[in-house]
Amino acid sequence: MMNRPVTVEALHLLIVECAETERRLPRAHPKASVTYWPVYQAEWLAYADEKTRQKLDPATAQQITRYDQLLETVVALEEEKDRKILWQTARMAAFKNRVPWLKIGKVFGIDRRTAKRRYETALLNLFYSMPQTDLLPYR
């Protein structure tokens, strides 16, 4: 089990960091078969355009440890709706500066203010269900 963070805001940041870590993990499905034809550039600027996307850095060992510990703690919550809104909110807020409450409300079929209230309630339930001892440093 994971140790309890100092504040509820720190727990929110930890959940968002774990959602970001999940995106940094390798994909679960196998790669497609590879062809043996060589890949070559048609001209020297062929791959330097705006459509080129950079990959995320891989997750560190500490991030994966925190992700595993938080996942065990979230799964231990009694209410399924609490687990769903916690993780959906974290996944939508990952790599962003704000939480898109309107989108979350649409996913669950509720108003944005209701979605925020349910998230805050679920966050408090998670916060008080965690043991209060040493804490792993994050960020």
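**Charged and aromatic side-chain contacts**

Phe127 is buried, with a relative accessible area of 6%; here buried means under 20% relative accessible area, exposed means over 50%, and partly exposed lies in between (1.4 Å probe, protein chains only). The model is a predicted one, in which local features need pLDDT of at least 70, side-chain atom pairs count only at pLDDT 80 or more, and totals for chains, interfaces and linings use all residues. Residues are numbered from 1 along each chain as its sequence is written, and side-chain values use heavy atoms, with hydrogens and water left out.

Let us turn to the charged side chains. A search of the whole structure finds four salt bridges, where a salt bridge is a side-chain nitrogen of Lys or Arg within 4 Å of a carboxyl oxygen of Asp or Glu. One of them joins Glu22 to Arg91, with the closest N and O atoms 3.4 Å apart. Glu22 belongs to helix α1 (residues 8-24) and Arg91 to helix α3 (residues 80-93), so this pair ties together parts that are 69 residues apart in sequence. Helices are DSSP runs (H or I, at least four residues), as are strands (E, at least two), and they are numbered from the N terminus. Both partners are partly exposed, Glu22 at 25% relative accessibility and Arg91 at 39%.

A further salt bridge links Glu80 and Lys84, at 3.3 Å from N to O. These two residues are four apart in helix α3, and about one helical turn separates them. Glu80 is partly exposed at 45% relative accessibility, and Lys84 is partly exposed at 46%. The side chains of Asp111 and Arg113 also meet in a salt bridge, with an N to O distance of 2.8 Å. Here Asp111 is partly exposed, with a relative accessible area of 36%, whereas Arg113 is exposed at 52%.

The aromatic rings come next. Rings of Phe, Tyr and Trp (its six-membered ring) pair if their centres lie within 6.5 Å; planes under 30 degrees apart count as stacked, over 60 as edge-to-face and the rest as tilted. By this rule there are three aromatic pairs. In one of them, the ring centres of Trp101 and Tyr119 are 5.5 Å apart and the planes stand at 55°, so the pair is tilted. Trp101 lies in helix α4 (residues 101-108) and Tyr119 in helix α5 (residues 112-129), so the contact ties together parts that are 18 residues apart in sequence. Trp101 and Tyr119 are both buried. Phe127 and Tyr128 form an edge-to-face pair, 5.1 Å centre to centre with 80° between the planes. Within this pair, Phe127 is buried, while Tyr128 is exposed, with a relative accessible area of 60%.
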